Number of protein chains: 2
Amino acid sequence: MSLRHALLGLLSDEPASGYELTRRFEKALQRYAWHAQHSQIYPELTKMAADSLVTVAAEGARGRRTYAITDAGRAELRRWMLDPPETFVVRDEGTLRLFLLSTLDADDARTVLVPLIDSCEREIAALRKGIADADAASGGGLPFGRLVAEYGLRSFETLRDWASWALERIEHN
Amino acid sequence: MSLRHALLGLLSDEPASGYELTRRFEKALQRYAWHAQHSQIYPELTKMAADSLVTVAAEGARGRRTYAITDAGRAELRRWMLDPPETFVVRDEGTLRLFLLSTLDADDARTVLVPLIDSCEREIAALRKGIADADAASGGGLPFGRLVAEYGLRSFETLRDWASWALERIEHN
DNA sequence: TTTCCCATGTAATCAGTTACATGATTAG
DNA sequence: CTAATCATGTAACTGATTACATGGGAAA
């Protein structure tokens, strides 16, 4: 039930509506950590409110409901962070595709790897820029998202380097 | 429907029974790429046989059925590899937990990061050993699994380094 | 002879996706 | 006035988990 913990995590920063949480999912978690759509987020928030992990802090225009995390919600989030399940479930189509590279011949593998390296370069450039801007704005503090950006940057650099290495190994075989 | 492609990928190496595919999932894909259990694998193989992506190559003792990939199965796998969907779905509890580190205070973050760094070290050592053994056995060839092992090694090194960096940033804030 | 591993399956439930459905507000 | 975005939801379906269920073969 990680959707629940992802939502608690986002709400622990600040209260938000289902709509905002959907946006933040897209921006912050979707790419690396967890994927969810509004059609799953709205009902889950309702359930979490029933379980007293969140409360409706405000109701605004157009039926907008702002949810805030409760103490019980914070406790549950902390519990999950400190006492994690021993097996983490992973489902990652991109990584699966990399793992199945060995089913392709050299030509096809090149067709996969070359664009992959390019897209890594673009991601890396974008993340570097985002990090530089954030560091300048915060003056050396550690804002929410800085750890994540660094993780993304390093992961993409690693992926790019691995893909280059794999390309070379494949060419010379 | 990535389970299907994961199974095609494993079968493109060699024919296998549902039981063997379950083992191979655990060994090769579970940790990084895709998770599936026997209760999902068996019905999926039946469906794939109905769709002519695999065939029952042999029936053995205890109701054992060995599945082999068909030409249609290979074509479908290749199609998926070369023409991927533009958005890859990711669901990764471990990464989610890292992303939510910023919800913890410095003490709690340390409690998460220190064991994480340790477990990375253990993984790295095990992967290095596996790679060295495989390289010695294959004499410089590129056996199935070598790319994957390298990817795992580099990913864990990156995770370890990031976690160390994060620990330092957190301590000094 | 009993314990462990091999081997396959189904049923009930839960999680997640896709498609449908509605309507208010804001900016141009 | 009209297009884009804000904003929330439900229904039908598919994917995935958990628990149940069964039994053969091998080794100790």
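This report describes helix packing, aromatic pairs, charges over rings and selected residues in a predicted model.

## Basis of the description

Residues are numbered from 1 along each chain as its sequence is written, and chains are lettered from A and ligands numbered from 1 in the order in which they are written. In this predicted model, local features need pLDDT of at least 70, side-chain atom pairs count only at pLDDT 80 or more, and totals for chains, interfaces and linings use all residues, while side-chain values use heavy atoms, with hydrogens and water left out.

## Packing of helix H1 in chain A

Helix H1 of chain A spans residues 2-13 and packs with helix H2 of chain A, residues 18-29, at an angle of about 100 degrees, the axes lying 11 Å apart. Helices (H or I, at least four residues) and strands (E, at least two) are DSSP runs, numbered from the N terminus. Axes are lines fitted to C-alpha atoms, for helices over the stretch in contact, and angles run from 0 to 180 degrees between N-to-C directions. H1(A) and H2(A) are therefore roughly perpendicular to each other; under the convention used, angles under 35 degrees count as roughly parallel, over 145 as roughly antiparallel, 65 to 115 as roughly perpendicular and the rest as oblique. On the H1(A) side, Leu3(A), Ala6(A), Leu7(A), Leu10(A), Leu11(A) and Asp13(A) meet Leu21(A), Arg24(A), Phe25(A) and Leu29(A) of H2(A), where contact means heavy atoms within 4.5 Å. By class, the contact of H1(A) with H2(A) comprises eight nonpolar, no polar and two charged residues. Here Ala, Val, Leu, Ile, Met, Phe, Trp, Tyr, Cys and Pro count as nonpolar, Asp, Glu, Lys and Arg as charged, and the others, Gly among them, as polar.

H1(A) also packs with H3(A): their axes come within 11 Å and cross at roughly 80 degrees. H1(A) and H3(A) are therefore roughly perpendicular to each other as well. Leu3(A), Arg4(A), Leu7(A), Leu8(A) and Leu11(A) of H1(A) make this contact with Gln40(A), Ile41(A), Glu44(A), Leu45(A), Lys47(A) and Met48(A) of H3(A). The contact of H1(A) with H3(A) has seven nonpolar, one polar and three charged residues.

## Aromatic pairs

Over all chains, the structure holds eight aromatic pairs. Rings of Phe, Tyr and Trp (its six-membered ring) pair if their centres lie within 6.5 Å; planes under 30 degrees apart count as stacked, over 60 as edge-to-face and the rest as tilted. Tyr32(A) and Phe156(A) form an edge-to-face pair, because their ring centres are 6.0 Å apart and their planes stand at 70 degrees. Tyr32(A) lies in the loop between H2 and helix H3 (38-50) of chain A and Phe156(A) in helix H7 (residues 146-171) of chain A, so the pair ties together parts that are 124 residues apart in sequence. Both Tyr32(A) and Phe156(A) are buried, a class defined as under 20% relative accessible area, with exposed over 50% and partly exposed in between (1.4 Å probe, protein chains only).

Phe99(A) and Tyr32(B) form a tilted pair, at 5.7 Å centre to centre and 50 degrees between the planes. This pair crosses between chains, from Phe99(A) in helix H5 (residues 93-99) of chain A to Tyr32(B) in the loop between helix H2 (18-29) and helix H3 (38-50) of chain B. Phe99(A) counts as buried at 4% relative accessibility, and Tyr32(B) is buried with a relative accessible area of 19%. One aromatic cluster is formed by Tyr32(A), Tyr151(A), Phe156(A), Phe99(B) and Trp162(B).

## Charges over rings

The charged end of Arg91(A) sits over the ring of Trp34(B), 5.8 Å from its centre. Arg91(B) lies over the face of Trp34(A), at 5.8 Å from the ring centre. A charge sits over a ring if NZ of Lys or CZ of Arg is within 6 Å of the ring centre and within 35 degrees of the ring normal.

Glu157(B) is found in helix H7 (residues 146-171) of chain B and is buried, with a relative accessible area of 19%. Not counting residues up to four places away in sequence, Glu157(B) touches Ile124(B) and Arg128(B).

Arg97(B), in helix H5 (residues 93-99) of chain B, is buried with a relative accessible area of 10%. Leaving out residues up to four places away in sequence, Arg97(B) touches Trp80(A), Met81(A), Pro84(A), Phe88(A) and Val112(B). The C-alpha atoms of Arg97(B) and Val112(B) are separated by 9.2 Å, the two residues being 15 residues apart along the chain.

Ser52(A) is not a glycine, yet has a positive phi of about 65 degrees. Ser52(A) is placed in the loop between H3 and strand E2 (54-59) of chain A and is partly exposed, with a relative accessible area of 44%.

In chain B, phi of Ser52(B) is near 65 degrees, a positive value in a residue other than glycine. Ser52(B) lies in the loop between H3 and strand E2 (54-59) of chain B and counts as partly exposed at 42% relative accessibility.
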